[in-house]
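Here's a walk through one predicted model, with a helix, a pocket and the nonpolar cores as the stops along the way. Have a look at the fold before reading on.

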Amino acid sequence: MFRAEVLWISVFLAIGAVGGLVYNWPSEPEVDVESPVVVEPSPAVEVAADSAAGPAASEELGAVEPVLGENPQAALADPGAVSGIWNDAGPSSQRSQPIDFGVLELGDRLLLGGNSIGAVKHYSKLWQQANLPVDCAVLIRLGLASELAGLHQQAEKHYHSAIRVAKKGSAQQLVSLLGLARLWEREGQLGEAISLLGELFLVYSHEGYPVIIRESIHQQLADCLQRRLLASQVVVEALRKEPMEYHWSPVMVEPILELADFKSPTDPPANPASGLKLLQDYDGGVSLMLVQAHLEGISVLELISELQRLSGLQVIVTEQAKSSLVGRLADVDSPVMPVSMLLDHVLEPMALAWSQSEGVLTIMARDELTSKDLASFDLARAQRILRQVQLSLNKEEGLGHASGVERTAAAIMNEGNNARLSGGWDVAVEKYRSARDVGPADELSAKLYFNEASLSLVRGEKLNALHSSYMALDQTLSAELQAQVYSMIADLELEFGQLEKSITAASRGLRRADDPAVFARAAMTLAKAYLLTGDPYSANAVLFEASPSLSGGALERLASVFSSFARFQHVGPTLGLQDEGQRVVLALAALQPDDVVSYADALVVSKAYSAVGLRSNAIDRLNEALDIAPAGYWNERIRLQLAEMYYASQALDKANETIESFGTVSATLLPRVLYLHASVQLELGNLEQSEAICRRLLSMDIDQEIQSSALEKLGQTLQRSGDHYAAALCFAGLLPKSEGAASEAGGETAVSP
């Protein structure tokens, strides 16, 4: 657990000032950077005269042992002058000699312009020129520039030096601690980062400190908690089924530079009276219970007991949690804070969690929770801090209007995403709408459109999903997001029957996809679209190229059916090992009942069954597809294919029943439906109905192929009815006159004549 006073103790241990002796540690090798500039030397050594520090304090802070710099002036400094710096508990960060502000300003401009390596080079000049390199402003700049340049080891050392030099609780020290937390977050040390930020939240998140500090603590803590939540296997599985995009705001360079030169007030506010006071209590709910806390070095067990006494809550602490709480202390300084957040941050360093049920508060170790319960706890905690971010952000001051808009919209959007993880679709809709009202731009706006499209898709609002997908595609420059959006568009266009658009979108998504799951999804959609447009060669080529990403489980079995069916259509059945029909049969036999999840999949599988003569299996698959297909393009085509399959199997009654269940048919598909209906009626012996349907079909504006087939079908009908002269005219390509003629219909038309 982080304690601010340890910062000063660790200095003496870090430089080897034990028993009045000062040790000169050898220099560490410099970090190699692929850049023509010179990397800055290792952070400076601060020399101390006090030797009363204990080893436990240094280990708890995790301080990095500094090394002696290469500046000969620093090595030859007068020991008496040096030791005088550490006379106070909080050493002065006064500059030891004038700073070249031209170099400083140039470094700032380079850093603000994105040239972090160049900024490191110029800030290093200031470090090398200083007689005693203990200037906080320079150390913070070196740490920030190294952080943005990817030199995390160097950045961590500079931030440690700035923490030791800065005055306790000053803006410079807090900025350095926040920089250290960012480094831990980037390196995946989320537990350490959350513990540090949580303790900063307990002490420094009230109005006694600059607004930028408060907002930065809230924002970084929210990001760390969100990343830990997304690392949960439960959440990973949920995001595979329902993909969402989260937004991480970039580092605020300009405010950090301002705080590096921030002058703390000469007259700090008086410390309030120590103690814990209950401000608000609603039926014992810790989320609505507010307390005022000004506590320094209080035992966590004592704090829990005091909360129990004030609120009347029944607190249960498990045995494993008790062993973790023994001897642990906490600092809290807040005029108002919910008890839920107080418990969150006080218990985090001990890896403890809490839950409340019917007035009973239970504190347990995180290890005692199931993966699902732990994910629920982390989700609720992330939601609490995200709401705190929204409350604390101020557009008019602190972060500035543009940055405040971005962070506010991102917090609302992330909160909506988390609500979806717990099934709160309606809450997510409201959150996305609120985030859109804030006015996000650029990549954040694109991510919000993607999330809106994803939510519309799972809610069955396909047109809204398609619109939002195209809006996201129009605004993003990220290849990763483009791949996901193109994959979603390909699925939607395929569902709406726009096969050419689906092929275009899937092809573009395939070229941009880096995530194996997105790549596999785009490849399967592209293969289905090719198969449904009658291009088996292209479908097989796509599946062959994507085969490494399609290995394993249901996806591999379904891809095997698609590819073997595509080759069967292109190559045709041959003898021996080249008989693709056998491969189709083997692939179909390997399918599991749950492998086919969409009606497009079922339609292709049905075609494969039909191609090898397994009509009963094909009919079963078509019935399954018809049950899940929505009204529209594919519903009509699946119904027509099912009727054709019944007709080919001589199940004429079922074929006729299937056709009559159409009701209305789109104009593009109506000629095929009428021709099949006439064929079925002819086979059933309903000659008058067959003739009427054929004449109705011939009165329509149809292509030459359908017209020739309809004349031949009419001739067969007239021949069976005994009108051989009229039948001969039909076979000759002429339409005989009739007293009744089917009325022409356009658009959506009834099937029955």
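The protein chain has 35 helices and eight strands, counted as DSSP runs (H or I of at least four residues for helices, E of at least two for strands) and numbered from the N terminus. This is a predicted model, so local features need pLDDT of at least 70 and side-chain atom pairs count only at pLDDT 80 or more, while totals for chains, interfaces and linings use all residues. Residues are numbered from 1 along each chain as its sequence is written, and side-chain values use heavy atoms, with hydrogens and water left out.

Of the 753 residues in the protein chain, 51% are buried (under 20% relative accessible area with a 1.4 Å probe, protein chains only). Taking contacts (heavy atoms within 4.5 Å) between residues at least 6 apart in sequence, 67% join residues at least 24 apart.

Now zoom in on α28, residues 599-611. Its 13 residues reach 18 Å from first C-alpha to last, close to the 18 Å expected at 1.5 Å a residue (1.5 Å times one less than the number of residues). Ten of the 13 are buried, so α28 is largely enclosed by the rest of the structure. Those buried residues include Y599, D601, V605 and Y609, and as a group they pack against α22, α24, α26, α27, α29 and α30. After the helix comes G613, with a positive phi near 85 degrees.

Leaving out residues up to four places away in sequence, V605 touches L558, V561, F562, L588, L591, V596 and R621. It is also among the residues that touch the most other members of the largest nonpolar core, which has 98 residues (buried Ala, Val, Leu, Ile, Met, Phe, Trp, Tyr and Cys joined through side-chain atoms within 4.5 Å). α24 gives the most to this core, with twelve residues. A second, separate core of 97 residues includes V253, L257, V315 and A382.

What about the largest pocket? About 1800 Å³ of space lies in it. Of its 50 lining residues, R240, K241, P243, A517 and R521 are the closest to its centre. Elements giving two or more residues to the lining include α12, α20 and α28, and α22 gives the most, with nine.A pocket here is an open set of points on a 1 Å grid over the protein atoms alone, where a 1.4 Å probe fits, with protein on both sides within 12 Å along at least five of seven lines; lining residues have an atom within 4 Å of a point. Points are joined across faces, edges and corners, and the volume is the space filled by probe spheres set on them.

| Lining class | Residues in the largest pocket's lining |
|---|---|
| Nonpolar (Ala, Val, Leu, Ile, Met, Phe, Trp, Tyr, Cys, Pro) | 27 residues |
| Polar (the others, Gly among them) | seven residues |

Key: Buried means under 20% relative accessible area, exposed over 50%, partly exposed in between (1.4 Å probe, protein chains only).
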